[in-house]
Amino acid sequence: MSAAEADRLEDLFAGSPLMAILRGMGMQRSLRLAETAWELGLEAVEVPLQTEEDERVLRELSARAAANGRSVGAGTILRPEQVDVARRAGAAYLVSPGLDPRIVDAARAADLPILPGVATPSEVQLAVSLGLVWVKAFPATWLGSGWFRHIRGPFPDVQFVATGGLDAANVTEFLDAGVRVAAVGSALEDAAQLERLADVLRSRASLAR
């Protein structure tokens with residue numbers, strides 16, 4: 001990852017330690033939850049690309065995001081050919097559940113920063129050897145918050161985005177363990193969780209001052 005690529009991800013996630021993942025929610029639900037996320041203060045939204053409807057959602061959300069200085073990424077990138085699909089739909093960044101050097105190369109050719117998925121020290125080391133600074137740790141709740149405390153020892157410069165099973169009840173635990181960004185999804189539809197997530201954002205903002 002070039003310094004420019006890392007800087008783009010740094011800028012993307014600088015505004016909030018939380019991001020939203022809208023998986024398979026359809027157009028109207030995705031639009032509604034994206035607006036909820038943005039109003040809450042989540043700068044980054046990810047739309048996993050698994051169906052043609054997901055591609056349409058990504059295109060619409062990307063257009064709305066661009067008009068308001070926001071960013072929408074394409075997730076579940078499993079094949080290099082999906083990179084161009086995501087680019088044409090307006091994705092600002094890519095997310096993959098695993099680490100595939102072919103996809104990393106395709107993302108760089110398309111000038112799109114990518115968060116590949118890792119779950120072991122070997123995968124983190126491979127990511128570092130490919131020049132990556134930012135990675136996605138998945139599935140986060142299966143790995144446990146302790147995994148992040150341990151993995152940061154040998155890899156202090158790697159920035160982790162934790163996804164998988166996170167909500168208002170456990171995001172603070174993972175952020176305290178050294179996760180840079182924690183991803184939530186259906187929690188955005190729960191009024192009680194929204195208030196707790198807002199509390200997390202307020203407390204993290206005060207710590208950053």
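Good morning. The structure before you is a predicted model, and I shall begin with the chain as a whole. The chain contains 10 helices and nine strands. Its radius of gyration is 16 Å, close to the 17 Å that the globule rule gives for 209 residues, so the chain is as compact as a globular protein of that length. Along the principal axes, the C-alpha atoms fill a box of roughly 40 × 40 × 30 Å.

Of the 209 residues, 50% are buried. If we take the contacts with a separation of 6 or more, 62% of them join residues 24 or more positions apart.

I now take a single residue as an example. Val83 lies in helix H4, which covers residues 81-88. Is Val83 buried or exposed? Val83 has a relative accessible area of 2%; the cut-off for buried is under 20%, so Val83 counts as buried. Leaving aside residues up to four places away in sequence, Val83 touches Ile77, Leu94, Ile103, Ala106, Ala107, Ala110 and Leu112. Val128, by contrast, is 45 residues from Val83 in sequence, and their C-alpha atoms are 21 Å apart in space.

The largest pocket has a volume of about 220 Å³. It is lined by 14 residues, of which Ile21, Arg23, Thr163, Gly164 and Gly165 are the closest to its centre. The lining comprises six nonpolar, five polar and three charged residues. Thank you.

Notes: Residues numbered from 1 in each chain as written. Predicted model: local features only at pLDDT ≥ 70, side-chain atom pairs only at ≥ 80, totals over all residues. Heavy atoms only, no water. 1 Å grid on protein atoms, 1.4 Å probe; cavity = no way out; pocket = protein on both sides within 12 Å on 5 of 7 lines; lining within 4 Å. Points joined across faces, edges and corners; volume = space filled by probe spheres on them. Nonpolar A, V, L, I, M, F, W, Y, C, P; charged D, E, K, R; others polar. Helix = DSSP H or I, 4+ residues; strand = E, 2+ residues; numbered from the N terminus. Rg over C-alpha atoms; globule rule 2.2 N^0.38 Å. Buried < 20%, exposed > 50% of the residue type's maximum accessible area, 1.4 Å probe, protein only. Contact = heavy atoms within 4.5 Å.
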